[in-house]
Amino acid sequence: MIRRFASNKGAVIGVLILLIVIGLALSADLLFPRGPWAMVQRPFLVPFTMDGFPLGTDTLGRDVAAGLVHGARVSLLVGLVSTIVALAIGVPLGAVAGFYGGWADEGAMRFTEFFQTIPNFALAIVLVAILEPTLTSITSAIAIVSWPPVARLVRAEVMAVKRREYVDAARLAGLSNFRILTGEVLPNTVSPIIVMASLMVATAILLESSLSFLGLGDPNAMSWGYMIGAARTVIRSAWWLSFFPGVAILVTVLALNLIGEGLNDALNPHLSRKGTA
Amino acid sequence: MAVLAPILGRLAKALITLLAIAVLNFFLIHAAPGDPAVVLAGEAGAADEQMIAQLRERFGLDQSFHVQLGSYVWNIVQLDFGYSFRQGAPVLDLILERLPATLILTLTAFVISLTLGIALGVAASARVGKASDSVLTTLALLFYATPLYWAALMAVLVFSVELGWLPGFGYETVGAGYSGLARIWDVIKHLILPASTLGLFFMAVYMRMTRASMLEVAQMDFVKTARAKGLSGPVIRRRHILRNAILPVVTLAGLQAGQLVGGAVLTETVFAWPGIGRLMFESLAARDYNTILGVFLVSAAMVIVFNILTDLVYRLVDPRIGARA
């Protein structure tokens, strides 16, 4: 499986990019010990004109490179944690719906459908606006709008797996429903969940950056979306202020998508070489 | 009647969903830190003591929780979304005034992304494995990872600031006084950049989906039969494969409509497009919760309408669905 993943050029590039981004995020305090908010040079310093400030400075003279590296932390953290929370909501709900069927299924799916109808970015905006923008509220809002596809996926997988013979065997062996679900059924639905999770981290990073672009970022945490949002009004005079953070988001999200596709091909080999979407 | 019945069913379901969102809104107001009356009045200092007292009375904040819930939902049912103290007008008026601009923008983006996405997906699947296929797939992958608002900003930078081809701001040229066709042309010029940047991401989604779906259907037996009959490649692709491959794309497009409406908040913010998304952005800074929640409800209603419309398209593309229902 690892060999199949490694033979996918895009996926390997994705992993390399992601490792670099993680490395930069982890060493942010070493590389830029003064932090992203410190005013270190004159404002509007054009990139590639002064040593030590390769990406220039912003409207207040803050180092753009420092902002990018510190912003990587927020993006990765929010992306990862919100995905974990979304899985924690979606997996149990989908599993119960798919395994028990009947009214549990009916209720859970109505609930999921309701959340799928609501425009998810608008809901995220409303949640963060009302709960005040903090890392916690942003992460929860993203999780709340991202779990429905997980629930649907897990439900479908569980429904397919629970009809297999080894599940009947487990039942004959006298295992409880709960043991069968957690011990026999769910482990066999893990690979599509992993693929979906890697793509969800990418979507969550985009969502977080969009929220902070609108001014709904945590005011205490430098983030890529905030940098672009703050530079929006000066785009005519200082293109680099919005350009570089956007490239950072694009590259990180692209890397995660490539990894997701690679995982998909490696974990579902019968689907690979068909160019699944 | 056979055609109408499922649509009536959908409408009933839509109303229930909207009521549920109204209830959700009510709980959100109470989840906000602080007194709900002050929350609704907006924190911009626009409301005086008397207004807050009026609000308190109107929402029955001195009454029990379920009475409050009932009166809130009843107001929404009567299309009374409250008053925006910030803008000095009823929220419903603000929204209705700006809704046409958003409808034009999202519908244009939807049509552009769906037609281009399907066309490019078909083109890529016809040349699978060749260089042009790789170029298209790579582009789709890039667009798929591009933040919508950033693509919009870069489009303004390139096409409006640097090249000066298209306006990057607003809905029409202010003070130009165009009328008739000249005005329509002016609006179209203003529409090109917002609609295409909003559609870009979705175009990538539909293209990938179309390509995958085309390749999947191409493996099926009836396609082999068609080939064995001696039909030419393009005819098979158009009449046999595309017809079947397009169904999941239309389904997906219906589901994605919600994201299109949400994305309009970003696009309208960048382009100062006077729609409800821009209204929401302005209300965020002012903490005008009444307006935010009103826009939220209306955008959910828009999504439902989009979904019902795609359902109708679906019936046109695949008559079997109508027969079954």
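In chain B, 70% of the contacts with a separation of 6 or more join residues 24 or more positions apart. The model you are looking at is predicted. Chain B has 325 residues, of which 41% count as buried, and its secondary structure consists of 13 helices and two strands. Here is a friendly tour, starting with the place where the chains meet.

**Where chain A and chain B touch**

- The contact between the chains draws 46 residues from chain B and 36 residues from chain A.
- On the side of chain B that touches chain A, the elements giving two or more residues are α1 (4-31), α6 (131-145), α7 (148-162), α8 (181-218), α10 (233-271), α11 (276-286) and α12 (289-317) of chain B.
- With nine residues, α10(B) gives the most to this side of chain B.
- Sorted by class, the side of chain B that touches chain A holds 35 nonpolar, eight polar and three charged residues.

**A helix pair in chain B: α11 and α12**

- For α11(B) and α12(B), the angle is about 155° and the axes are 9 Å apart.
- Angles over 145 degrees count as roughly antiparallel, so α11(B) is roughly antiparallel to α12(B).
- The crossing of α11(B) and α12(B) is left-handed.
- From α11(B), the residues B:I276, B:L279, B:M280, B:S283 and B:L284 take part, and they meet B:T291, B:I292, B:V295, B:V298 and B:S299 of α12(B).
- The residues of this contact of α11(B) with α12(B) divide into seven nonpolar, three polar and no charged.

**A second pair in chain B: α5 and α6**

- Helix α5 (residues 91-126) of chain B and α6(B) have axes that come within 8 Å and cross at roughly 140°.
- That angle makes α5(B) oblique to α6(B).
- Here, too, the handedness can be given: α5(B) passes α6(B) in a left-handed crossing.
- B:L120, B:A123 and B:A124 in α5(B) are the residues that meet B:D133, B:L136 and B:T137 in α6(B).
- By class, the contact of α5(B) with α6(B) has four nonpolar, one polar and one charged residues.

**A helix to find in chain A: α12**

- Helix α12 of chain A covers residues 239-267, and its 29 residues should span 42 Å at 1.5 Å a residue.
- The C-alpha atoms at the ends of α12(A) are 42 Å apart, which agrees with that expectation.
- Of the 29 residues of α12(A), 24 are buried, so this helix is largely enclosed by the rest of the structure.

**Two buried residues in chain A**

- A:N8 sits in the loop between α1 (2-6) and α2 (9-26) of chain A.
- There are 20 other C-beta atoms within 10 Å of A:N8, so this residue is buried.
- A:N8 and A:L258 are 250 residues apart in sequence, and their C-alpha atoms are 9.3 Å apart in space.
- Leaving aside residues up to four places away in sequence, A:N8 touches A:G262 and A:D265.
- A:L206 belongs to helix α10 (residues 190-213) of chain A.
- A:L206 counts as buried because it has 27 C-beta neighbours inside 10 Å.
- The partners of A:L206 are A:V253 and B:P147, not counting residues up to four places away in sequence.
- From A:L206 to A:A230 is 24 residues in sequence and 17 Å in space, C-alpha to C-alpha.

**Two positive phi angles**

- A:E132 has a positive phi of about 70°, although it is not a glycine.
- To find A:E132, look in the loop between α6 (120-131) and α7 (135-161) of chain A.
- Because A:E132 has 14 C-beta neighbours inside 10 Å, it counts as partly exposed.
- In chain B, B:A272 is not a glycine either, yet its phi is positive at about 50°.
- B:A272 lies in the loop between α10 and α11 of chain B.
- B:A272 has 14 C-beta neighbours inside 10 Å, so it counts as partly exposed.

Terms used: Residues are numbered from 1 along each chain as its sequence is written. Chains are lettered from A and ligands numbered from 1 in the order in which they are written. This is a predicted model: local features need pLDDT of at least 70, side-chain atom pairs count only at pLDDT 80 or more; totals for chains, interfaces and linings use all residues. Two residues are in contact if their C-beta atoms, placed from the backbone, lie within 7 Å. Helices (H or I, at least four residues) and strands (E, at least two) are DSSP runs, numbered from the N terminus. Ala, Val, Leu, Ile, Met, Phe, Trp, Tyr, Cys and Pro count as nonpolar, Asp, Glu, Lys and Arg as charged, and the others, Gly among them, as polar. Axes are lines fitted to C-alpha atoms, for helices over the stretch in contact, and angles run from 0 to 180 degrees between N-to-C directions. Angles under 35 degrees count as roughly parallel, over 145 as roughly antiparallel, 65 to 115 as roughly perpendicular and the rest as oblique. A crossing is left-handed if the near helix is turned anticlockwise from the far one by less than a right angle, and right-handed if clockwise. A residue is buried if 20 or more other C-beta atoms lie within 10 Å of its own, exposed if 12 or fewer, and partly exposed in between; C-beta atoms are placed from the backbone. The expected span of a helix is 1.5 Å times one less than its number of residues.
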